[in-house]
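Okay, thanks for coming, everyone. Let's have a look at the structure together.

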Amino acid sequence: FSLPATEHSTVTSWSKDGEVDAFRNMLEKFPNGLVGVVCDSYDIWNSCEKILGEQLKELIEDRGKRGVGPLVVRPDSGDPSTVVVRVLDILGSKFGTVTNTKGYKLLPPYLRVIQGDGVSYETIKDILENMKKNGWSADNLTFGSGAALLQKLNRDTQKCAYKCSYAVINGKGVNIFKTPITDMGKKSKKGRLTLELENGAYITKEEGQGDPDKDLLVTVYENGQLIKEYSFDEIRDKAELSLVKKRRLEQ
């Protein structure tokens, strides 16, 4: 099951000041049915309180009047059990709540939350327990099933992720990046990048400030075409620790 939803670069390509326009664009382009927006690109508390709860409030409430399906708000950084409850508190203060038959608060039917970041068997329990402690119904929340439900060796083990850093929009170059207030460890690099070797260490130069002649990055995909293909043996060799390589040669 899927739904139209933003990911970070489809928000950050509008710039920080344009975050409200990115959200409005989604709501207007998909006026019917479920639609999702990731809200932690910069300041999730501002996104929920000011952008969704004030600037776009009427547009969101209109979905409820027309009964066309909810807006699904997605946090994506920080401590899940804490962030989810605070997001619910902010949305509840802006859009109101009702109390279900079990005595727990429920957002209006046109507004829900999804948590996918940091989801595991253990954190699901923590999130739901904190929601219960703060009087929130589990019906407000849907869980995304990330890699932690399968195994804990994933992209975050090495803090590795592919992110859009630069785009040309209407003929103008735009630096694209995210700086989530709930986890600055997820801050992404911005602008045109080069990877350079300086004093035996690899350094990433951002915002086009590097030297293209020293750039070690290799174009692999371009305009949908595979430009450079590596064998599995080549990949294993590149990933091998230098110490292991040295000892293997000494044997």
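So, is F177 buried, exposed or partly exposed? F177 is partly exposed, at 23% relative accessible area; buried is under 20%, exposed over 50%, partly exposed in between, with a 1.4 Å probe and protein chains only.

Quick housekeeping: this is a predicted model, where local features need pLDDT of at least 70, side-chain atom pairs count only at pLDDT 80 or more, and totals for chains, interfaces and linings use all residues. Residues are numbered from 1 along each chain as its sequence is written, and side-chain values use heavy atoms, without hydrogens and water.

Back to the rings. There are 2 aromatic pairs, counting Phe, Tyr and Trp rings (six-membered ring for Trp) with centres within 6.5 Å; planes under 30 degrees apart are stacked, over 60 edge-to-face, the rest tilted. Y42 and F177 sit edge-to-face, 6.5 Å centre to centre with 80° between the planes. Y42 is in the loop between β1 and α3, and F177 in the one between β8 and β9, so that pair ties together parts 135 residues apart in sequence. Y42 itself is buried, at 4%.

Then F95 and Y110: centres 6.2 Å apart, planes at 70°, so edge-to-face. Both are buried.

F95 also brings us to helix packing, as one of the α5 residues touching α3, where contact means heavy atoms within 4.5 Å. The axes of α3 (44-55) and α5 (80-95) come within 10 Å and cross at roughly 20°. That makes the two roughly parallel, the label for angles under 35 degrees.

How values were computed. Axes are lines fitted to C-alpha atoms, for helices over the stretch in contact, and angles run from 0 to 180 degrees between N-to-C directions. Helices (H or I, at least four residues) and strands (E, at least two) are DSSP runs, numbered from the N terminus. Angles under 35 degrees count as roughly parallel, over 145 as roughly antiparallel, 65 to 115 as roughly perpendicular and the rest as oblique.
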